[in-house]
Amino acid sequence: MALLEMRDVRKRFGGVEALRGVDLDLEAGEVHALVGENGAGKSTLMKVLSGALAPDAGSVRLGGAPLRLRSVTEAQRAGIVMVYQELTLVPDLSVAENLALGKLPPLVAYGRLRARARELLAQMGLQIAPEALVRSLGAGEQQLVAVARAFAQRARVMVFDEPTATLSAAEVEQLFRLIRRLREERVAVAYISHRLEEIFELADRVTVLRDGARVATAARAELTPAQVVELMVGREVHAYQRTPHRLEEHLGTFEVEAPGLAPLSLELRRGEVVGLAGVVGSGRTEALEAMFGLRGAARWQGRTLHRPADALARGVFLVPADRKSQGLVLGLAARENVVLSVLRRLQRLGVMRRREERRLADGWFGRLSVRPPDPERPAGTFSGGNQQKLVLAKGLATAPAVLLLEEPTRGVDVATRQELYALLDGLAREGLGLVVSSSDTGELCGLCDRLLVFRGGRIVGELQAPLAREEVVARVTGAQVA
Amino acid sequence: MSPARRWRDWLSRYGIALAFGALVAALALLSPRFLTAPNLLNVLRQISVNALIAFGMTTVILGAGIDLSVGSALALCGAVAAGLAAGGLPPPLAMIAALALGAALGLVNGLFVASAGIAPFIATLGGLTIFRGVTLVYTDGRPITGLPEAFDRLGNGVALGVPVPVWVMLGFLALTHFLLRFTSLGRAIYAVGGNEEAARLSGLPIRKVKLFTYAYSGLSAALAALVLTGRLDSAQPTAGSGFELDAIAAVVVGGTSLFGGRGGVLGTFLGAAIIGVLNNGMNLLDVSAFYQQIVKGGVILGALLIDRVVAAGRQ
C-alpha cells in the first residue's frame with residue numbers, strides 16, 4: 001500500500017474541468033515527478049493535496065487513513081507540506097530561529113536552539129550557518145532552509161512546484177542533494193517541473209497529466225524524454241530549431257558599463273539573434289538590463305541610455321523576465337497594456353484617440369494570435385503564454401529596432417513556447433536585432449545565431465551557430481573553460 | 001464566465017450605485033421630507049466641499065499615493081484668497097492666486113514623494129502640519145472677514161435653480177473624469193498606480209505623473225477652499241481639519257483601491273453622496289449626532305468588506 005493515495009479526484013472551475021477523476025499514489029521514499037503542460041492539472045492536484053483547494057469529489061488517504069483536508073494548516077499537521085517559491089521564512093530572524101518557528105518556547109535558549117539547528121542542517125547535508133540571518137542568504141539557500149524546516153516538523157509528504165525556476169545551477173545541485181536526502185529519510189516527494197532533464201535526473205517514477213486526466217504513470221527507466229513529451233502533448237514535438245537566414249547590415253553596438261560587470265561591447269546586425277548564456281549571477285541579466293538603461297550606463301548608436309525611456313526613444317525594448325511584476329499592469333485591460341509604451345503617439349492634445357488605440361490593440365491581438373481574442377479583458381486573466389504575447393505586443397507596438405528578452409518562455413507551456421519561437425524568428429527575418437538572455441540552454445541553441453557565455457560578470461566565450469547543447473552547458477557551468 | 005463570477009463582476013461595478021439606490025429608497029420611505037428637490041439640492045450642496053477634495057484625492061490614490069495635507073492646504077488657500085481679497089485685490093485674481101497656491105502646495109508634496117522618495121503618508125503628514133502652521137502664522141490665528149460679494153455668490157448663490165457649489169462640484173467631476181478616462185495622462189496614472197515597475201519599463205515618466213497627481217489634489221483642495229470660504233463668508237484658520245479623512249472615506253466607499261490602479265472618480269462622487277445622504281437622512285430622522293458617527297464608520301467598513309469579498313472572488 002502506498003503512503004499516500006489519491007483516488008478519483010475531481011475539481012471544476014466554472015465551466016472548466018481542471019481535474020477529471022485523477023488517481024495518484026506516492027510511496028514513502030520515492031521522488032515522484034508530475035509533468036504536463038500548463039493547465040494539465042498538476043498544480044490543481046497538488047493544491048488539493050496540500051489542503052489549499054477543496055476537491056469536488058474524490059478521496060485522499062495517508063498511511064491508509066482517510067484525510068479530509070480543509071486547510072493548509074490541517075494538511076501540514078498531517079505531515080503534507082508544499083514548498084512554495086515565495087518562501088514562508090522570516091527574513092530578519094536567524095536560520096536557527098526560522099527552523100524552530102512556531103515551536104519556539106516562551107524563553108529561548110539560543111545555545112540549545114543553535115545546536116539543534118546545526119544537527120538538523122548536518123543531517124540534511126546543508127552547509128549553512130545556523131546564526132546567519134535568513135535575509136543574508138541567497139534565494140536558493142532560503143529554499144533549502146524552508147525544506148529543512150518542513151522536514152524537522154515531521155513532513156511525510158513534500159510537494160515541490162517548479163522549485164528551480166529562480167535557482168542557479170549550483171543551487172539546483174544543492175537542492176537535488178537535499179531531495180535525495182529526503183528520499184533516504186523515507187519522505188514521499190512530489191516534484192512538478194517543466195524541465196525534463198531535471199525529472200530524468202531526479203525522479204523514481206513519473207506521472208504525466210493531460211487536460212485534467214492522468215495519461216501515464218511509469219518508472220523513469222521505462223520512459224525516454226521524447227516519450228514523456230509525446231504523452232504530455234498527445235503528439236510528437238521536436239525541439240525547436242530555427243533555420244538561420246542571411247544576416248544583414250550592422251545595426252549598432254551596445255557599449256555596456258555597469259556595477260559588477262566588466263565593460264563589454266555587443267555588436268548587433270539586422271536580423272541577428274544573439275544569446276546571452278550563464279547561470280544566475282553570471283552577469284547576463286545585468287548586462288541585458290543595462291542595455292535597457294536600467295542599471296549603469298550603456299551607449300547605443302551614439303547615445304547614452306540612462307533610463308528605459310531613453311532606450312525606447314532609440315528603438316530598444318526589453319521584455320522582462322517577470323510578466324506579472326514587471327511586464328504588465330494586471331488590473332488594466334489587455335488593450336491598455338498593449339498601448340502603454342505608445343501613449344504619446346496615440347494622443348492628440350493629451351486626449352487618447354480611442355479608435356486608433358482599439359485598432360492597434362486588435363491588430364496585435366490578431367498578429368500574435370492572443371487567446372482569448374478579447375482585448376478588453378484585464379491582462380491578469382490571460383494565461384502565462386498569452387501574457388507573454390501581450391508584453392511582446394506592447395514592445396512591438398513601439399516599432400523597435402532591437403528587442404531584448406529575458407527568460408522569454410519561463411513558465412510558458414510547450415505549445416505556446418513553439419509559437420513564441422516562431423514569432424521571434426519572424427521578427428528576426430523582418431530585420432530586428434534580438435538579444436535573448438536565458439537559463440534554458442536548449443532554447444538558446446534553437447534560437448541564436450551567436451551565443452555569448454557569461455561567468456563572474458564578464459563574457460568568457462563566444463559560440464557561433466550551429467550550437468551544440470552539451471558544449472553550451474559545459475561552458476556555462478564552467479566544466480569547460482573557453 | 002461562470003454565473004458566480006459574472007455576478008461578482010457586476011457587483012464590483014454597480015455595487016456602489018446599488019447601495020446608493022437602496023439607501024435613497026429606504027430614506028424616502030422613512031422620511032417624507034427626504035425625497036424633495038430642496039432637500040436633495042441641499043444634500044448636494046453639503047457634500048460639495050468634501051467631494052471636491054475627494055476628486056483630487058482619487059487621482060492621488062489611483063497613483064498609489066495618499067494626500068493627508070488637503071485639510072490644511074484648504075485652510076491656507078482659503079486664508080490667502082480671503083486675505084488678498086480683503087486687502088483689495090479683485091476677487092477673481094485672489095481666487096486664481098489661491099488655486100495656483102493650492103497646486104504649488106501639492107507640487108511640494110509631490111516633490112517629497114516622487115523626487116525625494118519619502119513615503120506619501122509621511123510626506124503629506126508633514127504637509128498637513130506645516131500648512132496648518134503657515135495658516136496660523138498668516139492669519140495670526142484669527143478669522144478673515146469682510147469679503148467682497150463674489151465669495152458669497154460662489155458659496156451661497158444659485159444658478160438655474162441649483163446652488164453654485166453644486167455646479168462647481170459637477171464641473172470638476174466632469175473635468176476629473178475626463179482627465180482620468182480620456183487622456184493619456186489619466187491612463188499613465190492608472191498604470192503607475194497599478195504597477196509602477198511595469199510602467200517604468202514601459203517608458204512612462206513616473207515622476208511627472210506623480211507630481212501631477214499631488215498638484216491636482218492641491219488644486220482641488222484650493223477649489224474646495226474657495227467654496228467653503230464663500231459659504232462661511234469668512235476664512236477660518238482652523239477650517240478643514242479632519243477633511244482629509246472624510247475625503248479618503250468618500251474615495252474608498254466609492255470603490256477605489258487604496259493600493260492604486262483601480263477605481264474612478266464617478267465612484268468617489270457616489271461615495272461622497274452616500275455619506276452625505278446618510279448624514280442628511282439621520283438628521284431628518286433625528287438620530288443623535290453621537291450615533292451618526294458610529295453608523296458612518298460602519299458604512300465605511302462595510303464598503304471595504306464588500307470590496308474584499310469581491311476581490312477575493314476575483315482571484
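Two strands pair if DSSP finds at least two bridges between them, and strands (E, at least two residues) and helices (H or I, at least four) are DSSP runs numbered from the N terminus. Keep that in mind as you select strand S14 of chain A, where A:Ala298 is the bridge partner of A:Val256.

This is a predicted model, in which local features need pLDDT of at least 70 and side-chain atom pairs count only at pLDDT 80 or more, while totals for chains, interfaces and linings use all residues. Residues are numbered from 1 along each chain as its sequence is written, with chains lettered from A and ligands numbered from 1 in the order in which they are written.

**Stop 1: the sheet around S14(A)**

Select residues 250-257 (S11) and 297-300 (S14) of chain A: four bridges join these two strands in the antiparallel sense. Now widen the view to the open sheet of four strands, with antiparallel pairing and the order S12-S11-S14-S15. Strand S12 (264-269) and strand S15 (303-305) are at the edges and have a single partner strand each, so one side of each lacks a neighbour in the sheet. From one strand to the next, the twist averages 25°.

**Stop 2: strand S8(A) and its partners**

Move to residues 188-192 of chain A, strand S8, where four of the five residues are buried (20 or more other C-beta atoms within 10 Å of the residue's own, with C-beta atoms placed from the backbone). Which strand pairs with S8(A) over four bridges? Strand S3 (31-35) of chain A does, in the parallel sense. Strand S7 (157-161) of chain A also runs parallel to S8(A), joined to it by five bridges. Click on A:Tyr191: it is the bridge partner of A:Ala33 and also of A:Phe160.

**Stop 3: two helices side by side**

Show helices H5 (139-152) and H6 (169-184) of chain A, whose axes come within 9 Å and cross at roughly 10°. H5(A) and H6(A) are therefore roughly parallel to each other (angles under 35 degrees). For the contacts (C-beta atoms, placed from the backbone, within 7 Å), display A:Gly140, A:Gln143, A:Leu144, A:Val147 and A:Phe151 of H5(A) against A:Glu171, A:Gln174, A:Leu175, A:Leu178 and A:Leu182 of H6(A). The residues of this contact comprise six nonpolar, three polar and one charged (Ala, Val, Leu, Ile, Met, Phe, Trp, Tyr, Cys and Pro count as nonpolar, Asp, Glu, Lys and Arg as charged, and the others, Gly among them, as polar).

**Stop 4: a hairpin**

Next, select strands S9 (205-210) and S10 (213-219) of chain A, which run antiparallel and share six bridges. A:Arg210 stands opposite A:Ala213. Two residues lie between the strands of this hairpin, and A:Asp211 in the turn has a positive phi of about 50°.

**Stop 5: where the chains meet**

Finally, show both chains: 26 residues of chain A and 22 of chain B take part in the contact. On the chain B side, helices H8 (184-194) and H9 (196-201) are the elements that give two or more residues. H8(B) has the largest share, with seven residues. The chain B side divides into nine nonpolar, eight polar and five charged residues.

Note on methods
Buried ≥ 20, exposed ≤ 12 C-beta atoms within 10 Å, placed from the backbone. Contact = placed C-beta atoms within 7 Å. Axes fitted to C-alpha atoms, helices over the stretch in contact; angles between N-to-C directions. Parallel < 35°, antiparallel > 145°, perpendicular 65-115°, else oblique.
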